[in-house]
Amino acid sequence: MNAPSRLKELAATERPQERLQRLGAGALCDVELLAMLLRSGTRGHDVPTLAGALLREAGSLGALIGWKENDFRKLKGIGRVKALQLLTVMEVARRVLVQQNSTAPVFSGDRKWRRI
């Protein structure tokens with residue numbers, strides 16, 4: 001689902017926070033997930049607009065994992081605090097991916113499955 005450009009245009013039950021609570025995180029599109037992280041927009045740019053601009057600039061949600069603070073701050077509406085919050089989320093995502101990859105079951109030489 002594509003999020004409308006203006007949060008005020010949505011029925012209260014269709015706003016990202018309410019949809020998240022009602023349907024779970026898997027039901028939200030990438031823009032809505034980012035909007036939940038950003039929490040607020042700026043004057044003239046509500047949070048879905050800001051989240052959409054962030055995704056367009058990055059090219060994908062996954063591309064954000066490699067962004068630095070200055071990359072985030074290039075977007076109007078993302079200051080130091082929001083940039084640091086986004087960096088934190090991206091670092092958590094990186095660590096989860098590394099930990100998942102390092103604990104994958106492998107077949108060892110003694111023909112037993114083990115975790116590494």
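Contact means that heavy atoms lie within 4.5 Å of each other. With that in hand, welcome to this chain, which has five helices and two strands; helices (H or I, at least four residues) and strands (E, at least two) are DSSP runs, numbered from the N terminus. What covers the buried residues of helix H3 includes helix H2 (30-38), helix H4 (69-73) and helix H5 (80-102). Here, buried means under 20% relative accessible area, exposed means over 50%, and partly exposed lies in between (1.4 Å probe, protein chains only).

This is a predicted model, in which local features need pLDDT of at least 70, side-chain atom pairs count only at pLDDT 80 or more, and totals for chains, interfaces and linings use all residues. Residues are numbered from 1 along each chain as its sequence is written, and side-chain values use heavy atoms, with hydrogens and water left out.

**The whole chain**

- Of the 116 residues in the chain, 27% are buried.
- The chain has an accessible surface of about 7900 Å², and 54% of that belongs to carbon and sulfur atoms; such areas come from the Shrake-Rupley method with a 1.4 Å probe, and for residues only the protein chains shown count as cover.
- If you take the contacts between residues at least 6 apart in sequence, 33% of them join residues at least 24 apart.

**Helix H3**

- H3 runs over residues 47-58, and its 12 residues reach 16 Å from the first C-alpha to the last, close to the 16 Å expected at 1.5 Å a residue. The expected span of a helix is 1.5 Å times one less than its number of residues.
- Its buried residues are Val 47, Pro 48, Leu 50, Ala 51, Gly 52, Leu 54, Leu 55 and Ala 58.
- Just after H3 comes Gly 59, with a positive phi of about 95°.

**Where H2 meets H3**

- The axes of H2 and H3 come within 8 Å and cross at roughly 115°. Axes are lines fitted to C-alpha atoms, for helices over the stretch in contact, and angles run from 0 to 180 degrees between N-to-C directions.
- This crossing of H2 and H3 is right-handed. A crossing is left-handed if the near helix is turned anticlockwise from the far one by less than a right angle, and right-handed if clockwise.
- On the H2 side, Asp 30, Val 31, Leu 34, Ala 35 and Leu 38 take part, and they meet Val 47, Pro 48, Leu 50, Ala 51, Gly 52, Leu 54 and Leu 55 of H3.
- By class, this contact has 10 nonpolar, one polar and one charged residues. Ala, Val, Leu, Ile, Met, Phe, Trp, Tyr, Cys and Pro count as nonpolar, Asp, Glu, Lys and Arg as charged, and the others, Gly among them, as polar.

**Helix H5**

- The 23 residues of H5 should span 33 Å at 1.5 Å a residue, and its end C-alpha atoms are 33 Å apart, which agrees.
- Lys 82, Ala 83, Leu 86, Leu 87 and Met 90 are the buried residues of H5, and their cover includes H2, H3 and H4.
- Val 92 is also found in H5, and it counts as partly exposed because its relative accessibility is 48%.
- The C-alpha atoms of Val 92 and Ile 65 are separated by 9.6 Å, with the two residues 27 apart along the chain.

- Met 36 lies in helix H2 and is partly exposed, because its relative accessible area is 26%.
- Leaving aside neighbours within four places in sequence, Met 36 is in contact with Pro 16, Gln 17, Leu 20 and Leu 28. The C-alpha atoms of Met 36 and Leu 20, 16 residues apart along the chain, are 9.0 Å from each other.
- Arg 39 sits in the loop between H2 and H3. Although Arg 39 is not a glycine, it has a positive phi of about 70°, and with a relative accessible area of 71% it is exposed.
- Leu 61 belongs to the loop between H3 and H4, and at 29% relative accessibility it is partly exposed.
- Not counting residues up to four places away in sequence, Leu 61 touches Asp 30, Leu 34 and Leu 55. The C-alpha atoms of Leu 61 and Leu 34 are separated by 8.6 Å, for residues 27 apart along the chain.
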